[in-house]
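Thanks for coming, everyone. Please look at the slide while I talk through a few side-chain contacts.

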Amino acid sequence: MLLRESGAHYGESYSLDGVTGDGDGGVPHGRQLIEFAEAVVSGTEAGLDRAREALIGAVGEEGFVDAAGVVASFNAVVRIADATGIPVEDFKLERTVEERAALGIDGWN
């Protein structure tokens, strides 16, 4: 899934279906990338092993290393933001109404 503004800038489409577990986000090897990211964050060791092997099979070892770096970076950034209580800026709230509704996250505490 492309970030919304990046996709708009480059004229690419994106899909939120991968976030809700229903698709691949509209990117090559999206399903394997999503499964790997989910396994890193909340999976079992066996699940992580399966997801890792599937991703390496899809994107190769170099692609896997890149994906692992992205997952680690996003995992760290989100944890830091959550821990510090950073509020979402008003302009971001205004621009993400549809996405938040589609994901059902406005009710999260």
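Is arginine 100 buried or exposed? Arginine 100 is buried, at a relative accessible area of 17%. Buried here means under 20% relative accessible area, exposed means over 50%, and partly exposed is in between, with a 1.4 Å probe and protein chains only.

Some ground rules. This is a predicted model, where local features need pLDDT of at least 70, side-chain atom pairs count only at pLDDT 80 or more, and totals for chains, interfaces and linings use all residues. Residues are numbered from 1 along each chain as its sequence is written, and side-chain values use heavy atoms, with hydrogens and water left out.

Now confidence. pLDDT is the predictor's confidence in each residue, from 0 to 100. The protein chain has a mean of 84. In that chain, 92% of residues reach 70 or more. Helix α1, residues 4–10, has the lowest confidence, with a mean of 70. Helix α3, residues 45–84, has the highest, at 92. Helices are DSSP runs of H or I, at least four residues, numbered from the N terminus.

Next, charges. Side chains of opposite charge can pair when their charged atoms come close. We call it a salt bridge when a side-chain nitrogen of Lys or Arg is within 4 Å of a carboxyl oxygen of Asp or Glu. The structure has four of these. I'll take some of them.

Back to arginine 100. Its salt-bridge partner is aspartate 106, with the closest N and O atoms 2.5 Å apart. Aspartate 106 is exposed, at 52%, whereas arginine 100 is buried.

Then glutamate 35 and arginine 31. Their side chains form a salt bridge at 4.0 Å, N to O. Both sit in helix α2, residues 30–42. They are four residues apart, about one turn of the helix. Glutamate 35 is partly exposed, at 35%. So is arginine 31, at 25%.

Glutamate 89 and lysine 92 make another salt bridge, at 3.3 Å, N to O. Glutamate 89 is partly exposed at 36%, and lysine 92 is partly exposed at 39%.

Last, the rings. Rings of Phe, Tyr and Trp (its six-membered ring) pair if their centres lie within 6.5 Å; planes under 30 degrees apart are stacked, over 60 edge-to-face, and the rest tilted. How many aromatic pairs does that give? One. Phenylalanine 36 lies in helix α2 and phenylalanine 64 in helix α3, so the pair ties together parts 28 residues apart in sequence. Both phenylalanines are buried.

Conventions:
Helix = DSSP H or I, 4+ residues; strand = E, 2+ residues; numbered from the N terminus.
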